[in-house]
Amino acid sequence: MMKNSVAGLAAALVLAACGGTGPADMTTPEVAAEPSLLVDSWPAKTLPELSDALAAGEVTSVELTQAYLDRIALVDPHLNAILALNAGAMTAAEASDARRSAGEALGPLDGLPILLKDNIETADEGLPTTAGALALRENVTDRDSPLVAGLRDSGAIILGKTNLSQWANFRSEDSISGWSALGGQVRNPHVLDRSPCGSSSGSGAAAAASLAAGTVGTETNGSVICPSNVNGVVGIKPTVGLVSQQHIVPISHSQDTAGPMTKTVRGGAMMLSAMATSDDTDFSAGLSADALSGQRIGVLRFAEGSNNDIKAAFAEALATLEAQGAELVDIDSFSPDVEGFWAKSRNVLDTEFKADLNIYLEGSPADLPVRSLDALIAYNLDHADIELPLFDQSIFDQANGTAGLDDPEYLEGLADVQRATGEMGIDVLLADNTVVAIVAPSGPVASHIDPVNGDVWPSWAGAGYLAAIAGYPNVTVPMGDVHGVPIGISFMASANQDATVIELAYAYEQASGKRIDPQFLPSDEERPEIKAAMSPLER
């Protein structure tokens with residue numbers, strides 16, 4: 001859960017404005033980085049390239065898994081993106097190689113190492129599911145979530161667990177994206193003092209830094225899209241229900257979903273095909289570089305934001321869509337037609353969180369010190385030196401006061417916000433403008449990590465909250481960078497139109513080629529154009 005989306009006290013996620021005064025040069029100059037951290041060899045490849053290499057016998061799963069373990073050992077001390085590694089990963093890789101040698105490979109994912117956000121359960125021996133919290137440190141359940149079972153049945157190697165914004169960033173109004181008590185602070189591999197966003201912070205950073213062939217994140221409102229946006233990778237937030245929520249530490253059953261985070265759209269589509277509850281859908285099968293030709297696309301002009309660098313990159317992305325044959329239709333305004341929309345949206349999340357988390361805690365087969373939200377709040381107070389040194393648990397406190405899933409206020413609010421974003425939101429925007437999908441920037445430029453003030457985001461860009469609250473699909477693709485900090489473009493459509501948005505996003509990606517590799521700069525001031533501007537003129 002991305003904190004600023006949850007707080008929702010400003011319409012359409014628009015925060016205090018602090019946009020630039022003019023478009024910056026969008027090119028990416030050569031920047032001196034720590035050479036040892038830059039990716040090479042097999043981890044530099046994309047998931048589809050690695051799949052082809054395994055099939056061709058150019059590399060074994062054992063070699064590939066070891067290459068990622070070596071890279072994690074080298075790079076992750078700079079990122080804190082990994083919470084735990086799977087001790088059985090090499091054994092699984094050996095089994096994959098044996099299957100392939102026998103001509104019995106399970107599919108295109110067989111032998112590929114995948115990292116999971118650490119709120120997703122896995123049956124791998126001794127691997128807990130912690131949500132980054134001390135209370136769940138021993139939450140070893142010995143059960144696969146259905147999405148993990150799907151990946152495993154496809155031969156994927158579960159490499160380990162990624163760090164995250166603790167409790168999927170649903171603990172405090174003043175939280176820091178990417179921080180957890182167990183994992184510390186995740187860093188953005190492009191500029192290490194910039195936010196990795198959240199709550200799938202470690203999954204986004206790990207995908208960008210080439211620590212696995214692909215990663216899995218989860219989203220309630222922005223938690224796949226935002227970290228994919230600021231870390232410069234592809235994120236697919238599917239229609240709610242396409243991927244099972246079972247055995248994932250919950251926030252909201254009406255909005256929660258897991259989704260793949262990868263370097264490329266095709267790689268994400270391959271993962272989603274294995275993760276989806278339906279076992280007969282191949283989201284990578286229909287991908288074509290010509291998918292935009294003849295398609296009408298709605299442009300959410302009201303969601304461009306005020307940052308001129310983002311607007312310049314978005315304009316370039318729109319020109320690419322047109323060059324690929326898309327017809328663009330400007331959509332200048334939209335506001336949810338519900339009085340008290342944000343307060344109702346927040347009450348829905350608070351109510352479902354208390355109910356769903358209590359069910360999860362009660363049902364865990366592990367020996368946990370807490371079995372309810374009420375007990376968890378008390379536990380955190382008892383361990384305040386570990387859990388509460390940077391920010392409080394104000395969201396926990398508010399959620400704990402909700403009246404339950406039978407509360408008329410909750411039921412009315414749920415119906416209102418889903419209708420406003422779905423039937424009377426995205427669906428109306430699509431129908432009234434006769435478009436197959438809508439596009440907008442995926443979010444703002446990443447803010448600096450601020451352990452004193454918590455997340456302080458600049459003026460917002462994008463409208464991902466519409467897809468999140470409605471439960472509709474959203475795919476973000478890199479569309480450039482601002483002084484080395486990535487930004488993305490989002491493709492959204494109606495419920496169960498996941499194949500459509502994936503196909504459109506793929507065609508854009510093929511035409512634009514805007515993904516950049518991380519440079520692991522300690523700060524923005526290592527950029528030559530910034531360093532020069534920040535220094536006094538010679539006199």
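**Cavity, helix contact and salt bridges**

Q: Which residues lie nearest the centre of the second largest cavity?
A: In this predicted model, Leu-47, Ala-212, Ala-213, Thr-262 and Lys-263 lie nearest its centre, and the lining has 13 residues.

Q: How much space lies in that second largest cavity?
A: About 60 Å³. The model has three cavities of 30 Å³ or more.

Q: Which helix and which strand each supply at least two residues of its lining?
A: Helix 2 (47-56) and strand 8 (257-262).

Q: And how do the lining residues divide into nonpolar, polar and charged?
A: Seven are nonpolar, four polar and two charged.

Q: Back to helix 2. At what angle do its axis and that of helix 9 cross?
A: Roughly 70°, with the axes coming within 7 Å; helix 9 covers residues 265-275. Angles of 65 to 115 degrees count as roughly perpendicular, so helix 2 is roughly perpendicular to helix 9.

Q: Which residues meet there, helix 2 against helix 9?
A: From helix 2, Leu-47, Pro-48 and Ser-51; from helix 9, Arg-266, Gly-267, Met-270 and Met-271. The residues of this contact divide into four nonpolar, two polar and one charged. Leu-47 is also one of the residues nearest the centre of the second largest cavity.

Q: What does Arg-296 form a salt bridge with?
A: Glu-327, with the closest N and O atoms 2.9 Å apart.

Terms used:
Residues numbered from 1 in each chain as written. Predicted model: local features only at pLDDT ≥ 70, side-chain atom pairs only at ≥ 80, totals over all residues. Heavy atoms only, no water. 1 Å grid on protein atoms, 1.4 Å probe; cavity = no way out; pocket = protein on both sides within 12 Å on 5 of 7 lines; lining within 4 Å. Points joined across faces, edges and corners; volume = space filled by probe spheres on them. Helix = DSSP H or I, 4+ residues; strand = E, 2+ residues; numbered from the N terminus. Nonpolar A, V, L, I, M, F, W, Y, C, P; charged D, E, K, R; others polar. Axes fitted to C-alpha atoms, helices over the stretch in contact; angles between N-to-C directions. Parallel < 35°, antiparallel > 145°, perpendicular 65-115°, else oblique. Contact = heavy atoms within 4.5 Å. Salt bridge = Lys/Arg side-chain N within 4 Å of Asp/Glu carboxyl O.
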